[in-house]
Amino acid sequence: MSNADQGGTAALELEGLEKSFGPTRIIRGVDLTIVRGERHAVIGPNGAGKSTLFHLISGHYRPTSGRIRLDGRDITGLSPEQINRRGLARSFQITNIFPQLSVWENVRCATLWAMGYRYNFWRDIDGLDDVRLRTEEILGQINLIERWDMPAGMLAYAEQRALEIGLALASDADILLLDEPMAGMSHAESQHMVELIRKVSENRTLLMIEHDMGVVFNLADRISVLVYGEIIASDTPERIKANADVQRAYLGTEVA
Ligand SMILES: Nc1ncnc2c1ncn2[C@@H]1O[C@H](COP(=O)(O)OP(=O)(O)OP(=O)(O)O)[C@@H](O)[C@H]1O
């Protein structure tokens, strides 16, 4: 489908994307355009290849073949750091957090890096106003201002997930990739997370993998369904819900 068909410019384009591990084709010819400013969810049964697809987009895996374009520029084969510098941030599940450092220090660390300050023993980082303001701004966005001096490892699980998103925001990326942001959360925590994601994805492009169909149908403008490494449908939530192939892929159950 061309960008014109989707009524917007492409933020991310996947073209003929393939990934094999040994003889096994895991991603099998994915063509997908993510339009600037949309919230796009990738769903699919376990083992469909969703995480592998994210690893390819973020540069953690190299595709076996095919191209990936960010803002029209080819990023295929670039490192995760290079891709991040071009405006794509990925939020991982907890692993990026320094548990002994405070919430403030965690965000400040990501902010320093994003603003181009490199480690310098003699620098008074407390005196960097631009870094302080940006750190405060991010803590406000993720609702963790009041927890600023708490060691990150002491935060509640849902708060750690919010901090993870804050670290991704620090890079000021235009495109945010979230991998199962609701995993392990209670219903009430997911409700908060939905609002947080809605807020931080304003003026950004969001691509997320999520198993919670309530969340997906609530948040996404468009949904792509990945089954055995192929996208079998990519459409609005209403049309995805009504799609017979999608219902079959979910073993005849209603999608939402
Ligand atoms: N590094 C790897 N080497 C070999 N096989 C892999 C590797 N990574 C993933 N796979 C295989 O690729 C397939 C897809 O895995 P992937 O984790 O991408 O699926 P997924 O859709 O994210 O699944 P889930 O919803 O369960 O997280 C699985 O069969 C998995 O075993």
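**Group meeting: ligand shell, domains and a helix pair**

Let me start at the ligand. The residues of the shell around it divide into 3 nonpolar, 6 polar and 1 charged. Keep in mind that this is a predicted model.

Which residues are they? Around the ligand we have F21, I26, G44, N46, G47, A48, G49, K50, S51 and T52. Helix α2, residues 50-57, gives the largest share of that shell, with 3 residues.

Now the domains. The protein chain is divided into two parts. Domain 1 takes 1-87 + 175-192 + 204-256. Domain 2 is 93-172.

How many residues are in contact between the two domains? On the domain 1 side, 10 residues; on the domain 2 side, 6. Two elements each supply at least two residues of the side of domain 1 that touches domain 2: strand β7 (175-179) and helix α7 (187-200). By class, that side of domain 1 has 4 nonpolar, 3 polar and 3 charged residues.

Next, a helix pair. Two packed helices are described by the angle between their axes and the distance between the axes. Here the pair is α6, residues 157-170, and α7. Their axes come within 11 Å and cross at roughly 10°. Angles under 35 degrees count as roughly parallel, so α6 is roughly parallel to α7.

Which residues make the contact? From α6, they are A158, R161, A162, I165 and L169. From α7, they are E189, H192, M193, L196 and V200. Sorted by class, the contact of α6 with α7 has 7 nonpolar, 1 polar and 2 charged residues.

That's my tour. Thanks.

Technical notes. Residues are numbered from 1 along each chain as its sequence is written. This is a predicted model: local features need pLDDT of at least 70, side-chain atom pairs count only at pLDDT 80 or more; totals for chains, interfaces and linings use all residues. Domain bounds come from an automatic or database domain assignment. Two residues are in contact if their C-beta atoms, placed from the backbone, lie within 7 Å. Helices (H or I, at least four residues) and strands (E, at least two) are DSSP runs, numbered from the N terminus. Ala, Val, Leu, Ile, Met, Phe, Trp, Tyr, Cys and Pro count as nonpolar, Asp, Glu, Lys and Arg as charged, and the others, Gly among them, as polar. Axes are lines fitted to C-alpha atoms, for helices over the stretch in contact, and angles run from 0 to 180 degrees between N-to-C directions. Angles under 35 degrees count as roughly parallel, over 145 as roughly antiparallel, 65 to 115 as roughly perpendicular and the rest as oblique. A residue is near a molecule or strand if its C-beta atom, placed from the backbone, lies within 6 Å of it.
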